[in-house]
Each structure stands twice: as C-alpha cells, then as structure tokens.
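Look at the chain as a whole before turning to its parts.

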Amino acid sequence: MSEEREHRKRDRPWLMRTYAGHSTAEASNELYRRNLEKGQTGLSVAFDLPTQTGYDPDHVLARGEVGRVGVPVSHLGDMRRLFDGIPLEKMNTSMTINATAMWLLALYQVVAEEQGADITQLSGTTQNDIVKEYLSRGTHVFPPGPSLRLTTDMIAYTVAHLPKWNPVNICSYHLQEAGATPVQEISYAMATAIAVLDAVRDSGQVPPEEFGRVVARISFFVNAGVRFVEEMCKMRAFTRIWDRVTSERYGITDPKQRRFRYGVQVNSLGLTEAQPENNVQRIVLEMLAVTLSKDARARAVQLPAWNEALGLPRPWDQQWSLRIQQVLAHESDLLEYEDLFAGSHVVEAKVDALVDESLAEMARIEEMGGVMAAVESGYLKSQLVASHARRRARIESGEEKIIGVNCYESTEPSPLTADLDTAILTVDPAGEAATVEAVKRWRETRDEPFWREGTREPGLHPSAEQALAALRQAAAGDTNLMEATLECARAGVTTGEWAGALREVFGEFRAPTGVSSAPVAVTAEEGSELAAVRQQVERTAEELGVGKLRLLVGKPGLDGHSNGAEQIAVRARDAGFEVVYQGIRLTPEEIVSAALAEDVHCVGLSILSGSHAELVPDVLERMRKAGAADVPVVVGGIIPAADARALREAGVAAVFTPKDFGITRIIGRIVDEIRTQHKLDTRDERSERDQMEPLEVTS
C-alpha cells in the first residue's frame, strides 16, 4: 500500500487566496505579507467602494465608505505602498474590480514597471465583468455600451502586451447571491462571455488568427453554495457548455484554449449570524463541491471567514479559512486520483438537465438581442429578484432549512462570540479623515518630479490635466483607451479624476431595480402571516386617513448589494404598501428629499458595507431639521451589536440584521413602528388587551 502511494502522482494544488484589503494601503500590505508567509499562494485584493465606483475619498458619496470593505487606492502612490516589497513579476494577483478595472490594471502595470519587472510576465486577473454589476453588486458606473468598450480595449491590450494576464473574469458569483438558480447562473454568465467575445471579435483590434489567444484568457469566477451535489454538477455543466460555445461559435480547435478556467469564492451571503460556528462546515462543504471533481476543479479558491455575517473578519479568521484549504490539499489524498465522479449515472443525469435548461435560457437571451439588451430591458434583473423572492419564501415557510435560523435554533453559548465586539475587525474612523487629507496633498504635489529609485533622472510624464485631456479625446473617438489610461496613471491622476473624465464623455447608468416587475412570491391567503400584516397595513392607512401607507426603501452611500432592499420592497408592496425605491447609491440628502416629496410614513435604510455609523445619523439629523422627526427610520444590514445600540440611542426605531430572516415579520414590525409613532395600538398591545378583557356571553 505504501509503495502504491509513493508512485501515485499528485496534482498541483489550486491557487489559495484570501480576499483581503482594508483601512489603508500600508495596513493591507502588511496583511498581504503575513498571509503569504502563512502559505497563501496568490493575492486577492479587495478594494473599497469609492475605488470600485470611481470616486476619490473626499467625494460626498465616499463618506463613511473609505477603507471599509477593502483598501482605498486613489492614485499611483497608493498602489506603490500596497505592493511595497512584493515582487509583482513573481506574484499572481487577483483584483476584484469592474467599472474601474482598466484604471487599476494601469496602476498595477506602472508599479511593476517601477520595480523593473518584465510586464509580459505579469500574471493575475482583473474581474472586469460589468454585467453582474448591473444585476447584483451595483458598482457599475457607465452605460452598457461604453462599459463593454472598456472591457474590449483591455482584452485587446493585454493579449498583445500582458499575455499571462486574465483581463476579464466572467463573474456568476454575485448572481447566485442575488438569487440565481444554477441554470440562471450558468446561462447569464455564458451570455455575458458571448457578448464580450463578440465585441472583441467585431472591434477588429485582434487579428482572426490570434482570436484563440483571446478565448484562452477568458476566465470565470463562480459561487459554490451548500447544495453540494448540485454545485458540483453545475461546474461540470459549465465546462461542457463552454467547450461547445468556444468550438461551435468561435471555431477554436485547440483544446487548451477551450479549457474552462475558473476561480471560486464559496457562498458568503449564505453564512448566518445565528450560530455562526456552523458556517465553518458550510464553507468546507462548499469548497468540496469545486475541488473533488478533477475534471471540473477550480484553478483558484478563496474562502470567506466564519464570522462574515457579523462584520469584517480578523487576520486570525482569514488564517483559519486558509488552513481549511491547506488541510484538504496537503493532508488528504484528494489530489492523487482521477475524477471521482466519472461514469456516475446520477451526476451525468443532473449535468445533462442543467446543460439543456441553460442552453434554452441562453437562446432566449440571444433572441432578445443578447445580454446587454436583456440588462437594459430589465428582464435579467426581474428574473433574479423573482427567484430570490421564491427562495426567501421557502426559507420563511421552513421548506428550505437553515440550521440555527429556522430550525434547531436552541444552542449553547458560543465562546467564539462571547464578546461580539472583539469577534470582528473594527476599522478606525480616523483612518478615513487621514485618507481624505492624503489625497488632497497628492493632488497638490503630484506634478513635482518623481525621482525613480536608482536613477538621477525624474520620471517624464505629462501633467495630470494634460493626461486627462488626452483621455477625454480618446474616449470621444474610437482609440483604445488603455494607453491614455496608462499615461494618466504615470501623471498622478486620481481614481475619481479618471472616472470623472469618462463620466463626462460616456455619462452614467442607473440599472433597473427589478422590483416593480417582480411577481408575487408569497400569497396573502386567508389565515397566513402575510394576510394578517396586509390587514394591519390597510387598517392603519384607514385610521390615518390615507389611501395607502408609504414606505421609502433607501440605499445610502456606495453599497450596491441591493438584494435585501429589493426583497423588503417587493414584500412591502405585496403587503399593501406603496413603495418608493429609487435604487442604489444615494446621498442622505437625496433620501430625505424623496421622503419629504413622497410624504412617506416610514424610511427604511439598507446598508451592508459598514457605513451605517456615518450615514444613518446624517439621515436622522436631516429628517429632524426638515421637520419630519415623527417619521420612523428603520435600518437593516450587517450591523454589530454595539453599533445597533448606538443607532437606537440616536433615534432609529428598529435595527434588523441577518438573523431577522422573516421578511413578512419585518414588514409587520415596520407597521407597528408607524402605529407607535402615531399613538395607535400595535398588534402585541391589541392581543394583550384582548386576552385581558372578559369574553361577552350571549344567550
């Protein structure tokens, strides 16, 4: 047995990453170095929301968001500090960045040049998938046409100059988090890949004989949920469909160029705040779904931490997730065997079904004019909102079980969360002020010569204004935008200035919300919880002398994860509310203005990025100054217990976190808050009074 084991050849493990970045470039650099010392084999950079959406730290929309969910990178100096002491020529770096992907890649390349690297050896990935931003994550900036042009230009540039770089990472991960079924996840991702490849082919920037190199650099980033068998079959279906698309549609004959190359992050939004220790086994199961099958094994894996439903994970939590991967890769015998599922009739039947259904949905999207047309029409978004609403309804009814949430809720006290305030990483609010001052200083001094290390000559570059003028000119024509972007990077242009110049030429885009067209997911049948809430809504409207209760659902700041807000909006609509929902990325001033204009009875704010401590008090203060202090404000999101207490003390009527999974119950609570504010009895008070009053006896 030992001799057989010695002769069995082990496969090379997948790239192991942790998605990381916070506070400042210096703090993130320190974290990256520590993770690499612990055996991490690639970097996965998390950028903060201002960087992702093309704003500088001192922009009004950046307030409360700087350094929260990732590292702020405002200019070349930040990128230098982020990778200080890390040789980029030898590193494989994944950058989760989309609307501003070209800009961040330019900064990365210029830093590599300053390190003396051969840029043809740079390896890594820029996500650069804008379609899923329109549908789920919300960090889009420009309209679909210009966005596709940015992606096309990047692909053409990297194939010619950075041949080892993956310029686009078609991302179905966030589609699943927004409610996508496996069929929707496969078909929407494939439709996006087709749109990208068609655009590159039709641009004429890549000779037809070189197009196989374009196909070979397309990578994917997928989600792995806890439905282990289905997720593993999904990956096999992905592989089969990609081989068919690249062969039949694009005529690629080289099997290596047709290979389905993907990285994975297992389901983060499926992690629970209740009994968070259960998240560890969820993460392990989800990782197995994308590693056990050799024929469809991920090329790179990054795992969330057990406590991400509570707040930002600490370095120790990220280390735990890295060790999960290392134990599987190095202690188990997984990598010694051929595909474990080859020939399984169960697996083959499931894969066949997924392939057939996905191809049918891809054909439907093609008939609409392709994925961009399906985005602009609102079809894709409404389908996701509807499927997410159905999933939430299954959870609330108990049909879909989540341990510790809607079943097996009794638990022993957990030592992991005995002190919730220290169980997560907290970001010093003072860091934002320092970053704001730093970007102002950068703008004042950037035109001073930068002396390259080891030389006596200053770096030669145009001024920031000259570089921006050249960028605008290129954007107004049909020149590839990468060279102008590189010149902006070298000239010290900031993230907000680069995106601002393109906003001037391309305009901005507000994606459809999908709320108004989403079908009813939970019916208000007689005797149901929703029927009782609907009666309460109608009764309250009648007592207040209004036609309908009006609820404003607001997304302040730059947090684009709108799934929760959309589900609240849809359920409130089905409960009889008139819902005002204007989508993502609003300032507190805009939210308060809408609340006053629509004369709403309650304001509901949804924030998952951690900026609640800054933005919610701002909304409250503006409501008070406008004479609307009597309108209750409720808040939902990933909000630590200490912050929830502070928000209630500041005047928030109710705080909802992921443990409050019952949406109908939340809507009922909102009605109660409205009734309390207007000195009407609530459901609990009325029930209590009914129990105390003697029954009337009639003969």
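Residues are numbered from 1 along each chain as its sequence is written, and side-chain values use heavy atoms, with hydrogens and water left out.

**Overall form**

The protein chain has 27 helices and 15 strands. Both are DSSP runs numbered from the N terminus: helices are H or I with at least four residues, strands are E with at least two. With 699 residues, a compact globule would have a radius of gyration near 27 Å, and the 26 Å of the protein chain agrees with this. The radius is taken over C-alpha atoms, and the globule rule is 2.2 Å times the number of residues to the power 0.38. Of the 699 residues, 59% are buried, that is, under 20% relative accessible area (1.4 Å probe, protein chains only).

Five strands form an open, parallel sheet in the order β1-β10-β9-β8-β7. Strands pair if DSSP finds at least two bridges between them. Because β1 (15–17) and β7 (168–171) stand at the edges with a single partner strand each, one side of each is left without a neighbour in the sheet. Strand β8 (residues 218–224) pairs with strand β9 (residues 262–266) in the parallel sense over five bridges. In β9, Q265 is the bridge partner of N223.

**Confidence**

The pLDDT is the predictor's confidence in each residue, from 0 to 100. The protein chain averages 89, and 93% of the residues score at least 70. The table gives the elements with the lowest and the highest mean pLDDT.

| Element | Residues | Mean pLDDT |
|---|---|---|
| Helix α27 (lowest) | residues 683–692 | pLDDT 49 |
| Helix α5 (highest) | residues 101–114 | pLDDT 98 |

Over residues 451–457 the pLDDT is below 50, and this stretch has six contacts in the model beyond near neighbours in sequence. A contact means heavy atoms within 4.5 Å. Where pLDDT is low, the predicted coordinates should not be read in detail.

Methods. Predicted model: local features only at pLDDT ≥ 70, side-chain atom pairs only at ≥ 80, totals over all residues. Buried < 20%, exposed > 50% of the residue type's maximum accessible area, 1.4 Å probe, protein only.
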